[in-house]
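Colleague: I am new to this structure. Please walk me through how to read its features.

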Amino acid sequence: MKILFVGDVYGQPGRRVVGEHLPLIAPGYDFVIVNAENSAGGFGMHFDAATRILEAGADCLTLGNHAWDHKDILLMLGQPERFPIVRPLNYSDPQTPGVGWRTFEVGEAGERLTVVNLLGRVFMGESANPFTAMDSLLERDDLGSVFVDFHAETTSEKAAMGWHLDGRVAAVIGTHTHVATADTRILPGGTGFQADAGFTGPVNSVIGANPQEPVQAFLTERRHRFQVAGGPAMLNAVSLEISGNRCLGIERYRYEEPAEEE
């Protein structure tokens with residue numbers, strides 16, 4: 001299977017570049033996963049964002065620590081056939097709406113692909129242990145190939161997860177920090193890994209926000225309201241080829257909109 005994983009979509013610029021560019025490249029893949037964690041103004045996902053990303057060619061949407069920022073998410077989680085959403089698996093409350101993993105049948109052969117979304121715990125607030133949550137899930141024998149979107153703050157926690165799952169899942173790709181890492185590789189046991197896919201949103205920004213506001217926050221040591229930056233947007237993704245729970249090839253993918261001529 002050829003899989004494309006698109007990093008955190010951020011605000012209207014991220015939705016725009018996904019809407020314009022993803023339809024051009026999605027036909028080259030068997031399955032497209034998009035992290036839509038920040039697609040609604042940088043915080044969470046609403047109905048319009050989910051609809052536009054799915055129409056652009058996404059087959060599955062993953063989330064993260066802003067999963068509950070918009071009330072639309074509860075309505076969408078109640079329509080799993082229309083909105084194939086995977087929210088973080090490792091919530092402590094068993095009554096949490098939605099699912100933390102979904103298995104899809106991909107292509108004419110109906111190969112099984114399970115998409116999992118995990119939340120990290122370092123600097124991320126409280127959640128259940130993502131390592132033991134994955135161990136419990138992997139006791140099942142009907143998952144097929146397993147792809148993990150690990151939404152976490154630190155590269156160390158993401159790398160540890162990659163090594164913990166090496167040979168047991170097809171890929172562990174990180175999200176949340178919005179900066180693509182240069183550690184793309186296949187681990188010794190055959191698992192594809194990258195600590196962060198990077199984000200899909202405004203190029204000239206501080207991880208999506210207008211640069212002036214984060215700069216002022218650091219200068220003044222006071223909270224500032226962040227606005228989504230304007231200008232050209234980029235799409236960061238990871239392209240993978242997998243067979244079972246082995247990654248045969250992995251590489252970074254990046255597209256950047258041309259700047260407008262003055």
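**Reading the model**

Modeller: Start with Lys-158, which counts as buried at 1% relative accessibility. Buried means under 20% relative accessible area, exposed over 50%, and partly exposed in between, with a 1.4 Å probe and protein chains only. This is a predicted model, where local features need pLDDT of at least 70 and side-chain atom pairs count only at pLDDT 80 or more, while totals for chains, interfaces and linings use all residues. Residues are numbered from 1 along each chain as its sequence is written, and side-chain values use heavy atoms, with hydrogens and water left out.

Colleague: Where does Lys-158 lie?

Modeller: Lys-158 sits in helix α5, residues 155-165. Helices (H or I, at least four residues) and strands (E, at least two) are DSSP runs, numbered from the N terminus. Lys-158 and Ala-195 are 37 residues apart in sequence, and 5.8 Å apart in space, C-alpha to C-alpha.

Colleague: How do I read a pair of helices? At what angle do α1 and α2 pack?

Modeller: Axes are lines fitted to C-alpha atoms, for helices over the stretch in contact, and angles run from 0 to 180 degrees between N-to-C directions. Helix α1 (residues 11-25) and helix α2 (residues 47-56) pack at about 15 degrees, with axes 8 Å apart. They are therefore roughly parallel to each other. Angles under 35 degrees count as roughly parallel, over 145 as roughly antiparallel, 65 to 115 as roughly perpendicular, and the rest as oblique. The crossing of α1 past α2 is left-handed. That term applies if the near helix is turned anticlockwise from the far one by less than a right angle; clockwise gives right-handed.

Colleague: Now charges. How many salt bridges does the structure hold?

Modeller: A salt bridge is a side-chain nitrogen of Lys or Arg within 4 Å of a carboxyl oxygen of Asp or Glu. The structure holds six. One of them joins Glu-257 and Arg-16, with the closest N and O atoms 2.7 Å apart. Glu-257 lies in the segment after β13 (246-256) and Arg-16 in helix α1, so the pair ties together parts 241 residues apart in sequence. Glu-257 is buried at 9%, and Arg-16 is partly exposed at 24%.

Colleague: Which residue does Asp-48 bridge to?

Modeller: Asp-48 pairs with Arg-52, with the closest N and O atoms 2.9 Å apart. Both lie in helix α2, four residues apart, about one turn of the helix. Asp-48 is partly exposed at 33%, as is Arg-52 at 47%.

Colleague: Which residues have a positive phi although they are not glycine?

Modeller: Among them is His-176, with a phi of about 105 degrees. His-176 is in the loop between β8 (171-175) and β9 (185-186), and counts as buried at 16%. Ile-207 is another, at about 45 degrees. Ile-207 is in the loop between β11 (201-202) and α6 (212-220), partly exposed at 42%.

Colleague: Is Gly-208 buried or exposed?

Modeller: Gly-208 is buried, at 0%. Gly-208 also lies in the loop between β11 and α6.
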